Amino acid sequence: MRHRCPRWFDECLWVFRPFVRWAAAACLIFCTNTAMAAMADDYILGPQDILKIRVFEWRPSTGTAFEWVPLTGDFSISAAGNLSLPIIGNVPAAGKTLEQVSAMIGERLQNQVGLQKRPNAAVEIASYRPFFVTGMVATPGKYNFSPGLTVEQALSMAGGIGPVDANVIGLQRQALAGRGDLRALQAERLELIARQARVDAILANATDVTFPSELTSELGQPRIAKMMKDEQALFEMRARSMETEIDALNRAKLLAVNQIDALKAKSASLAKQIELANKDVGSVNKLVQQGLTVSARQLGANQNLAELESRNLDVSLAILKTQQDMTKVDQDIGDVRNRYRIDALTEAAQLRDRFASNAEKIATERDLLRNLEVRAPSAMAALEEDKESYGFITTINRVIDGSVENLIVSDNDPVSPGDVIRVERREQTSPAASVGSNEEAAPGAGRRRVARAGE
């Protein structure tokens with residue numbers, strides 16, 4: 001059973017509630033300022049830090065605090081690590097705390113002007129030196145530091161990991177188109193190499209196509225295997241086509257040879273007949289002279305001889321024509337070989353031009369993609385086809401004890417002025433490796449030194 005508080009206690013609590021809220025707010029502000037002051041006291045100064053300096057001297061004779069106006073204002077630490085101050089000159093500040101710089105300014109002024117008592121120098125940080133974010137972020141660049149800044153907050157100032165700008169969509173579209181064109185050009189190049197191997201085999205009168213190792217090493221890929229098979233088939237088909245034409249011409253030549261042999265045999269037979277006909281004409285002429293036969297028989301013998309001689313002349317002309325046809329067949333065989341060779345030479349010239357054009361286009365596409373990687377690395381990283389094949393690792397280049405060290409950091413690790421935060425892509429080879437990398441960069445896991453610069 002719950003006990004109810006007295007009415008007067010509730011009324012008192014209602015009256016003092018504003019004062020309780022004010023006290024809590026005041027306590028929070030006090031704690032925050034105390035923490036900020038502690039951080040400023042421990043802060044190690046460096047180049048590009050801007051300090052707000054005010055120097056006062058208490059003068060008992062007048063009972064007033066005298067302000068050294070030339071030494072009052074905002075002063076920046078140079079790249080050499082010095083403060084250039086009026087009256088006292090250069091004061092080394094890099095690597096020192098605010099308290100040390102304050103004491104040094106007072107001592108320098110006391111010694112410079114011969115004061116009996118050291119003046120009081122109030123030194124506080126007007127503006128911290130910037131930090132830098134680079135790598136796989138949306139907007140790499142220089143950013144102003146504020147106390148208590150964490151790695152996650154710094155990356156959010158740089159737009160986070162990955163593209164957020166609307167223009168990145170256009171860049172990604174260009175990159176996708178460029179990568180597609182580059183793959184098409186590389187495939188075309190492999191096709192040209194296969195065609196060149198076929199043409200070289202034709203020009204060398206080889207019996208088979210010898211493909212270069214650039215293709216044979218990729219024989220396991222179906223596309224490459226099919227490409228080589230098609231070129232080999234085309235080579236064999238053209239070779240068969242040429243041999244078919246040549247075989248047809250050779251058969252025609254063989255028929256002509258056989259025809260010539262037949263005509264020569266016929267010519268020999270006609271020659272014998274002509275010889276017998278001449279003897280018959282001579283016998284008939286003697287009989288006519290002796291009056292033993294009529295002239296009609298003499299006319300018949302002469303006509304038979306003339307017919308045989310005419311037929312022999314036709315056979316000789318047929319032999320000459322057949323020999324002429326044989327010569328043309330030989331010429332046609334040479335023309336067939338030359339035609340296929342000329343076709344191969346023409347294709348080789350075309351391949352040279354296409355190789356040159358292809359190489360130029362590939363170089364152009366690679367330059368365009370490289371330019372996109374420089375302009376928008378995070379946008380390019382987001383286009384990876386396998387999202388599980390890589391992760392991101394965040395490192396900080398920080399000056400520690402006068403040397404630059406590279407630290408692996410997590411999201412909740414603090415950022416210091418002058419830090420260079422770099423986000424890089426890291427390949428993940430296995431799930432175990434991925435788990436190990438997450439453990440390294442887990443919140444609260446602290447920082448791990450990677451390597452000292454210059455080692």
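These legends accompany close-up views of one predicted model.

**View 1. Confidence along the protein chain.** The mean pLDDT of the protein chain is 80. A score of at least 70 is reached by 80% of the residues. Two stretches deserve a separate look. Residues 18-38 have pLDDT below 50. Beyond near neighbours in sequence, this stretch has 1 contact in the model. Residues 450-455 also stay under 50. For residues 450-455, the model has 10 contacts beyond four places in sequence.

**View 2. Helix H6 from end to end.** H6 covers residues 222-290, a run of 69 residues. Its first and last C-alpha atoms lie 101 Å apart. At 1.5 Å a residue, 102 Å would be expected, so the span is close to that value.

**View 3. Thr327 and Lys253.** Thr327 sits in helix H7, which runs over residues 295-375. Its C-alpha is 8.7 Å from that of Lys253. Along the chain, Thr327 and Lys253 are 74 residues apart. Thr327 counts as exposed because its relative accessibility is 52%, and the cut-off for exposed is over 50%.

View 4. Strand S4 spans residues 82-85, and strand S5 spans residues 89-92. S4 and S5 run antiparallel and are joined by 4 bridges. Asn82 has Pro92 of S5 as its bridge partner. Between the strands lie 3 residues. Ile87 belongs to this loop. Its phi is positive, near 70°, although the residue is not a glycine. Ile87 is partly exposed, with a relative accessible area of 39%.

View 5. Gln48 lies between helix H1 and strand S1, in the loop that links them. S1 covers residues 50-59. How accessible is Gln48, buried or partly exposed? Gln48 has a relative accessible area of 44%, so the residue is partly exposed.

**View 6. Ile400 in strand S9.** Strand S9 takes in residues 390-400, and Ile400 is part of this strand. The C-alpha of Ile400 is 9.8 Å from the C-alpha of Gly95. In sequence, Ile400 and Gly95 are 305 residues apart. Ile400 has a relative accessible area of 26% and is therefore partly exposed. The cut-off for buried is under 20%.

**View 7. The largest pocket and its lining.** The largest pocket has a volume of about 700 Å³. Its lining is made up of 26 residues. Nearest the centre are Arg129, Arg398, Val399, Ser416 and Pro417. Helix H1, residues 7-42, supplies at least two residues of the lining, and so does S9. Which element gives the largest share of the lining? S9 does, with 4 residues.

Technical notes. Residues are numbered from 1 along each chain as its sequence is written. This is a predicted model: local features need pLDDT of at least 70, side-chain atom pairs count only at pLDDT 80 or more; totals for chains, interfaces and linings use all residues. Side-chain values use heavy atoms; hydrogens and water are left out. pLDDT is the predictor's confidence in each residue, from 0 to 100. Contact means heavy atoms within 4.5 Å. Buried means under 20% relative accessible area, exposed over 50%, partly exposed in between (1.4 Å probe, protein chains only). Two strands pair if DSSP finds at least two bridges between them. On a 1 Å grid over the protein atoms alone, a cavity is a set of points where a 1.4 Å probe fits but cannot get out, and a pocket is an open set with protein on both sides within 12 Å along at least five of seven lines; lining residues have an atom within 4 Å of a point. Grid points are joined across faces, edges and corners, and a volume is the space filled by probe spheres set on the points.
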